[in-house]
Amino acid sequence: MQTAVPPSASGEQPGEFAGASESQGKRAFKIFVRSPIPMAAMIFFVLVVLTAFIAPYFYRWKFNRIDTRKDAHGHYIALSAHPGQLGHPLGTDGTGFDLLARMFRGTQRDVIIVLISTTIALAIGITMGALAGYFSSFVDNLLMRFVDVMLCVPVLVILIIVASNYPSLGAIGLGLLLGLFGWMGLSRLVRAQFLALKEREFVEAAHAMGASNFRIIFRHLIPNAMSTILVFGTLFAAVSIVAETSLTYLGYGVHPPDTSLGLLISQGVGAAETRPWLFYYPGILILLLVLAVNLIGEGIRNAFDPRHNRVRD
Amino acid sequence: MLIYTVRRLVSSVLVLLVASFIVFMFAAASYDPLKPLRSRNPPPTPQSLKLAAHQAHLDQPVLTRYWNWLRHMIGWDGSFPFLKLNFGNDVHNASVSHALGMRLEVTTRMIVGAILLAVILAVVLGVISGVRKDKAFDAVATIFTFVLLALPTFWFAAVLKEFAIKINNDVGSRVFFTAGTQSFGAPPPTSFFSVNSDQLQHILLPVVSLGLLTASGWIRYQRASVIDVLDSDYMRLARAKGVRNRTVIRRHGLRNALIPLVTVMAIDIGALFGGAIITEQVYDWHGMGEYLNTAIGNEDTYAVAGWVMVSAVFVVVFNLLADLVYAVLDPRIRLS
Amino acid sequence: MPDSQASFDVQTQTREADDDVLLSVDDLTVTFGGEKGVHAVRGVSYVVRRHETLGIVGESGSGKSVTSLAVMGLLPKTARITGSVKFRGQELVGAKDKRMSTIRGKRIAMIFQDPMTSLDPVYKIGAQITETLKVHNPHMSRADMRKRAVELLEIVGIPNASDRFEDYPHQFSGGMRQRVVIAIAMANNPDVIIADEPTTALDVTVQATVLEAIKAAQKETGAALVLITHDLGVIAGMADRVLVMYAGRAVEIGGIDDVFYQPRMPYTVGLLNSLPRMDTDEKTRLTPIVGAPPSLQNLPSGCPFHPRCPLAIEECTKAEPPLVEVDGRMLHRAACIRSDELRGQDRYEAGQVFEATSSDEVLPADIVGGEAQPREALDDSSTSQQDGTES
């Protein structure tokens with residue numbers, strides 16, 4: 001006698017081979033939109049970024065303009081405006097720069113750095129991981145040994161040494177640098193995913209139907225590795241913000257007259273006792289921004305977690 | 001186990017060899033050790049410039065310089081099999097390896113302390129939050145770790161320092177030491193393992209600031225792996241044998257849940273080294289970070305190359321240690 | 001088989017002695033989640049007597065595994081359990097971990113579904129067997145424990161048992177691992193062994209040998225066996241009595257011959273007729289049960305099987321039928337208000353009712369568009385009925 005009870009035809013059957021991942025993506029999106037904390041983080045992040053880019057047009061102080069008014073005694077008044085004084089909502093630094101205007105500018109620069117670095121890291125990481133995981137053997141060995149070598153030196157040190165060769169590195173250069181040396185982790189993750197995915201039936205079926213390698217990678221494998229890529233992307237964005245502050249603090253990142261959130265807190269450290277607002281406000285803004293990005297990443301991870309629709313029998 | 005260890009060792013050495021080539025070539029190409037000399041006023045004579053170039057081996061082809069550097073580094077200069085780890089001399093004609101040795105000791109104290117603190121926090125908080133998932137303790141620990149995860153390294157270190165100074169001022173005596181590795185005039189440590197209360201007081205804040213930031217990711221990771229393990233069939237079978245729940249978690253859960261943490265720890269060692277550079281700067285420690293900053297400022301090829309090699313060896317050694325711990329914990333790795 | 005069945009009948013009918021009952025489950029319910037949670041088990045009752053084998057059969061999601069985990073007290077804390085589980089008169093529902101630990105592995109042992117994940121990968125096979133010996137026999141010497149463990153490995157049919165004692169689980173094949181799990185289950189001579197789909201995760205070729213190992217374990221320990229499976233073939237070969245579950249409830253229970261040859265619940269009839277027929281040479285078509293099991297979060301009104309049942313009438317949608325004696329036989333009970341209509345028919349005669357709903361032409365349409373004919377008729381009548389009662 002043989003197994004008797006017919007398997008239940010529950011759950012939606014994927015219509016096309018790649019359809020599985022698309023519907024998975026849609027479901028993950030629905031779960032994400034319905035989860036309160038990641039959505040709140042998302043809204044907060046978007047609001048801060050929009051404010052940073054739009055508000056400067058309506059704000060009376062510019063980030064590179066010194067408040068040069070004089071008081072009754074003929075002294076420059078702005079040299080040490082506390083938060084709320086003299087029309088500076090968050091005060092000024094010792095030179096007379098408005099802190100809020102500088103925080104807008106700093107956030108703008110950080111957003112640019114994050115966008116550039118994350119785009120580059122994702123592009124290189126996915127390409128390298130895909131090549132290594134899909135074509136295997138020679139390419140795989142070469143790439144993975146290269147990654148091994150890259151990972152044996154602390155990333156921050158690589159960044160410091162490379163950045164020290166380009167003293168005039170601005171925000172854009174810094175973003176490039178962070179991206180160029182930040183893809184190694186992702187390439188390993190993508191490679192591992194591809195190694196597992198390419199053994200799966202839908203890839204073999206696509207092969208059998210005569211799909212090109214290019215098509216299989218882009219239509220079948222990358223969509224299935226999407227959760228890994230998205231989660232890495234958000235975590236990397238968070239790491240980029242923190243790395244920018246570290247590099248700038250050590251003197252290899254953004255330099256005056258431009259500014260960034262990292263530069264603001266680096267300059268604020270010295271004034272932590274005399275003008276604490278310079279130290280704490282930008283620091284808390286970075287903390288909240290990175291926190292928001294991490295929470296978004298956590299939300300994406302949860303949304304893709306297969307345990308969400310697991311049912312005990 | 002032996003074969004596994006040897007294989008890991010060989011591949012580590014190969015990786016280091018390739019890394020040394022890249023590092024040296026890069027350092028040689030980008031730095032000009034004669035720059036400080038040239039910018040002097042009055043300008044130095046061509047002879048003295050030539051002499052300095054000869055001292056810095058700049059008159060040789062770059063591949064020869066690399067080979068000589070490598071030769072002395074690995075002891076292929078007659079001292080074999082004893083590694084001299086000679087990284088050459090810096091721009092002031094002082095031994096790079098001697099200076100790095102002292103500074104590495106300082107930095108290693110901080111890193112080892114931070115790792116210990118982070119491991120303890122990761123295991124304790126991670127296991128409790130994993131076991132009590134979605135309870136009050138877990139919620140508090142989760143908020144705590146997410147905030148830590150979002151803190152810029154030096155800002156957190158500086159905030160801790162500010163608080164410490166504030167407390168010192170309020171109490172009126174020095175409770176926390178916020179700068180340096182030891183009090184001025186105190187006897188220097190006799191060995192790496194010697195500790196006195198003065199050093200412990202100095203190391204407290206750096207270790208806490210570096211350790212907490214490192215722990216943040218590890219706690220999350222340990223929690224996730226505990227949740228995974230608690231859900232596994234072998235935990236259920238162990239309970240079905242009649243083993244008490246608490247014992248099952250200790251005996252079967254903990255060991256299995258530690259396996260993924262060990263791999264993450266290995267990956268994070270590099271980040272820890274980077275974090276140590278920044279923490280050193282905030283707390284005025286004369287460690288590896290300060291040396292690197294000076295070396296880069298001096299455009300000192302040998303100092304920078306030696307520095308990067310030391311950090312690479314450090315990372316590789318810790319990776320190897322993690323691999324061995326991994327193999328001890330997981331027989332599937334050991335025996336395959 | 002018929003001999004043992006006969007003796008069993010005589011024995012149980014002559015004296016329904018209480019000291020023969022090892023395990024009695026009474027109106028057990030298990031719910032996951034809150035008010036609108038999943039009702040995984042909804043009032044299951046059965047008894048297990050000394051030395052007997054009770055088969056529990058049902059589709060995945062019918063609650064058969066959850067029932068046995070509830071008996072062992074191994075469900076996660078989020079599960080709400082009501083009803084009663086008694087082992088030799090001792091209540092187990094709500095028992096503290098400390099008391100349950102003295103019963104688990106010693107009195108009631110369990111074999112799990114997936115041998116690939118049931119053994120802890122970081123400990124040696126030997127250590128995992130001696131662990132259960134040590135828990136229940138704290139004063140046993142190391143040498144004795146090792147001796148006993150090797151003996152257990154030999155009983156379940158592992159060659160070179162004393163060498164394999166030092167091996168790790170990953171060095172064993174799936175079938176071998178399941179034998180180790182069986183050895184662990186029988187280590188302390190338990191009174192009851194619960195085997196939860198012990199062969200489902202294994203290759204067909206090793207299923208038979210693992211079942212042999214379970215039989216050997218049962219013979220050696222004299223334990224009663226609760227065998228949970230969706231494989232009616234396994235039940236037929238091993239069980240004395242069988243319990244059929246559907247949507248978290250017992251829908252038919254009885255001696256193996258009663259249930260297999262005179263099934264009185266249409267679901268059982270359907271299950272049996274989806275088996276190939278061995279007693280005749282003529283080519284017969286297998287008749288599947290159309291549709292899928294209901295969602296446990298959203299059960300249909302009345303009998304949960306009515307949307308798929310060819311015998312369903314309007315009354316089936318009103319109340320969930322109780323488990324009642326059928327054919328006047330005390331030990332054969334079924335939960336169907338129309339079971340009388342199957343009286344006197346064997347399973348093949350009864351099975352003909354499924355032919356109507358599962359002809360080849362209808363089948364694809366059914367899967368795509370839901371049950372076409374009978375169900376709509378039922379829905380209409382039920383809504384009109386409701387309208388009637390409301391007005």
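Trainee: Is C:T205 buried or exposed?

Mentor: A residue is buried if 20 or more other C-beta atoms lie within 10 Å of its own, exposed if 12 or fewer, and partly exposed in between, with C-beta atoms placed from the backbone. C:T205 counts as exposed because it has 8 C-beta neighbours inside 10 Å. This is a predicted model, in which local features need pLDDT of at least 70 and side-chain atom pairs count only at pLDDT 80 or more, while totals for chains, interfaces and linings use all residues. Residues are numbered from 1 along each chain as its sequence is written, and chains are lettered from A and ligands numbered from 1 in the order in which they are written.

Trainee: Where is the place of C:T205?

Mentor: Helices (H or I, at least four residues) and strands (E, at least two) are DSSP runs, numbered from the N terminus. C:T205 sits in helix α9 (residues 204-221) of chain C.

Trainee: What is phi of C:N189 near?

Mentor: Phi of C:N189 is near 45°, again positive in a residue other than glycine. C:N189 belongs to the loop between α8 (174-186) and β7 (192-196) of chain C. With 12 other C-beta atoms within 10 Å, C:N189 is exposed.

Trainee: How many helices and strands has chain A?

Mentor: Chain A has 12 helices and zero strands. Of its 313 residues, 46% count as buried.

Trainee: What do the contacts in chain A join?

Mentor: Two residues are in contact if their C-beta atoms, placed from the backbone, lie within 7 Å. Among contacts in chain A between residues at least 6 apart in sequence, 72% join residues at least 24 apart.

Trainee: How many residues does the contact take from chain B and from chain A?

Mentor: The contact takes 31 residues from chain B and 28 residues from chain A. On the side of chain B that touches chain A, the elements giving two or more residues include α1 (2-30), α10 (245-282) and α12 (301-329) of chain B. For classes, Ala, Val, Leu, Ile, Met, Phe, Trp, Tyr, Cys and Pro count as nonpolar, Asp, Glu, Lys and Arg as charged, and the others, Gly among them, as polar. That side of chain B has 25 nonpolar, five polar and one charged residues.
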